[in-house]
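Me: I've got a model open and want a quick tour. Can you take my questions one by one?

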Amino acid sequence: MTVLDDLAEVEAVVESARSAQRRFEANGSQVRYDRAAQAAAWAIMEPSRNTRLAELAVETTGLGNVPDKITKNHRKTLGLMRDIATAKTYGVISDNAETGITEIARPIGVIGAVVPSTNPAATPANNIINALKCGNAIVLSPSPKGVPACEVLIGYIHAEFDKIGEDRDLVQMVPGKGSKEKTQRLLEISDLIVVTGSQNNVRRAYTSGTPALAVGAGNVTVIVDETCDLDAAAEKITASKTFDNATSCSSENSIVVVDAIYDEFMAALAIAGGVQVTDEARIISKLWPDGHLNRSVIAQDADKMLQALAMENEVPANTKFLAVETKGIGPNHPLSGEKLSRVAALYRAHDFDDALKITNEIMAYQGAGHSVGLHSTSPERALQLGMEIPTCRVIVNQAHTFATGGSFTNGMPFSLSMGCGSWGGNSIDDNVHWKHFMQTAKIIREIPPREPKVEDIFSDYWDAAGK
């Protein structure tokens with residue numbers, strides 16, 4: 001099949017999705033939108049299907065582990081369903097007599113969603129549910145390794161659609177094996193594109209000519225200061241760093257520990273399963289043997305990771321991840337970047353101000369806008385990070401991976417895609433969620449005039465600066 005044939009197939013899929021979306025909207029209701037979203041959610045959450053999808057994802061991508069993917073598929077979807085349960089996405093959603101403005105929810109149309117290999121079930125399910133909740137159709141473009149999981153997920157969704165008489169064409173994927181050409185065509189002809197994954201895809205999304213929800217790179221840095229509960233911090237960092245073998249963009253990549261509690265914290269971290277490594281050069285030579293991340297280390301279980309790094313006989317049996325001492329930051333110091341593995345860079349800071357400086361430098365190199373973590377009992381230090389670091393999220397005293405994309409113990413929307421603001425080259429600074437999949441029409445009525453006097457606006461300025 002030629003490239004032109006491939007592109008024609010993409011165009012045909014999008015056109016059938018567009019026709020289905022028009023019917024969905026023309027005969028829409030809040031009940032119908034909600035029911036379609038519930039069908040898609042149950043398709044991934046039903047336990048036997050969830051297990052199959054998790055097994056297939058690990059089998060075909062070689063990334064992550066099955067138990068954690070089962071947990072991720074369940075909790076991310078359940079949290080999203082909680083978030084959207086009472087959201088109004090059809091018809092009149094607000095009517096303000098004071099402003100004279102009535103807002104009407106309207107779908108966007110066909111959503112084109114680029115799916116990463118790290119989460120080939122949870123991420124597309126999240127996007128599908130949000131799209132359906134707001135009256136849209138959606139077409140997925142998975143990475144080549146993510147194709148099998150996406151195919152099975154869509155099959156499960158279609159089976160649920162058949163139960164409720166919903167149109168299968170509302171949820172589709174680019175046919176055949178994934179390719180850059182087919183993904184590019186999807187980007188160009190969709191009504192909105194959602195991109196999670198490689199920064200190459202993000203850049204292509206923003207230059208496609210189609211409105212885009214594309215997110216920045218993760219490279220999370222977490223600060224541990226002298227006021228925190230060291231044991232709790234060590235346990236949370238370890239649980240977060242090792243979840244799904246560090247496939248998440250919210251996984252800690254650098255740990256910055258202040259000098260006053262450095263040795264004490266490292267002892268707590270060792271108990272939790274994090275082993276301190278001082279031979280930086282040795283780890284770098286194994287982790288980047290040819291200048292690229294070693295695929296035998298990326299997103300692997302601890303035993304496979306240690307074997308690939310030739311560390312299996314040099315660390316305790318309970319080792320869950322490695323914290324490698326380093327001082328360098330930037331392109332010549334790869335440990336300071338995202339590692340997608342059970343390896344974290346470890347920095348020793350003189351004090352909190354030095355920790356903030358180190359964190360700033362790491363984010364300036366990679367991960368600006370995404371998020372930082374803080375283990376501290378000082379509210380002022382959290383505020384200082386929010387005021388001075390180029391970040392959209394400061395995660396305080398939480399396991400970062402579980403908190404950033406929404407948690408049942410914080411108020412962030414459940415999502416697998418984090419906008420990074422202008423710092424990360426993104427148009428949004430929120431977690432991608434249902435509101436981004438909807439637009440509104442506004443009815444504007446005349447109201448009594450609200451024109452102020454000039455002196456009401458400028459009197460304090462005139463007092464300060466004169467007329």
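Me: Where is Ala-299 placed?
Reply: Ala-299 sits in the loop between helix H11 (280–287) and H12. Helices here are DSSP runs of H or I with at least four residues, strands are runs of E with at least two, and both are numbered from the N terminus. One caution: this is a predicted model, where local features need pLDDT of at least 70, side-chain atom pairs count only at pLDDT 80 or more, and totals for chains, interfaces and linings use all residues. Residues are numbered from 1 along each chain as its sequence is written, and side-chain values use heavy atoms, with hydrogens and water left out.

Me: Is Ala-299 buried or exposed?
Reply: Ala-299 is buried, with a relative accessible area of 2%. Buried means under 20% relative accessible area, exposed means over 50%, and partly exposed is in between (1.4 Å probe, protein chains only).

Me: And what is phi of Ala-299 near?
Reply: Phi of Ala-299 is near 55 degrees, a positive value in a residue other than glycine. Asn-245 also has a positive phi, near 55 degrees. Asn-245 lies in the loop between H9 and S9. Its relative accessible area is 0%, so Asn-245 is buried.

Me: Switching to charges. How many salt bridges are there?
Reply: The count comes to 18 salt bridges. The rule is a side-chain nitrogen of Lys or Arg within 4 Å of a carboxyl oxygen of Asp or Glu.

Me: Which residue forms a salt bridge with Lys-69?
Reply: Asp-244 does, with the closest N and O atoms 2.9 Å apart. Lys-69 lies in helix H4 (residues 66–84) and Asp-244 in the loop between helix H9 (230–242) and strand S9 (252–258), so the pair ties together parts that are 175 residues apart in sequence. Both Lys-69 and Asp-244 are buried.

Me: What about Asp-225, which side chain does it meet in a salt bridge?
Reply: Asp-225 meets Arg-381, at 2.9 Å from N to O. Asp-225 is in the loop between strand S8 (220–224) and H9, while Arg-381 is in helix H14 (residues 379–388), 156 residues apart. Both Asp-225 and Arg-381 are buried.

Me: And which side chain does Arg-23 meet?
Reply: Arg-23 pairs with Asp-167 in a salt bridge of 2.7 Å, N to O. Arg-23 lies in helix H1 (residues 3–26) and Asp-167 in the loop between helix H6 (147–164) and strand S5 (171–173), so the pair ties together parts that are 144 residues apart in sequence. Arg-23 is partly exposed, at 42% relative accessible area.

Me: Which residues are linked in a network of salt bridges?
Reply: Glu-11, Arg-185 and Glu-188 are linked that way.

Me: OK, strands. In what sense do S8 and S9 pair?
Reply: S8 and S9 pair in the parallel sense, over five bridges. Pairing needs at least two DSSP bridges between the strands. Thr-221 stands opposite Ser-254 in S9.

Me: How many residues of S9 are buried?
Reply: Seven of its seven residues are buried, so S9 counts as mostly covered.

Me: Last one. Where is Pro-316, and is Pro-316 buried or partly exposed?
Reply: Pro-316 is in the loop between helix H12 (302–308) and strand S11 (321–325). Pro-316 counts as partly exposed, at 46% relative accessibility. The C-alpha atoms of Pro-316 and Ala-270 are separated by 9.1 Å, and these residues are 46 apart along the chain.
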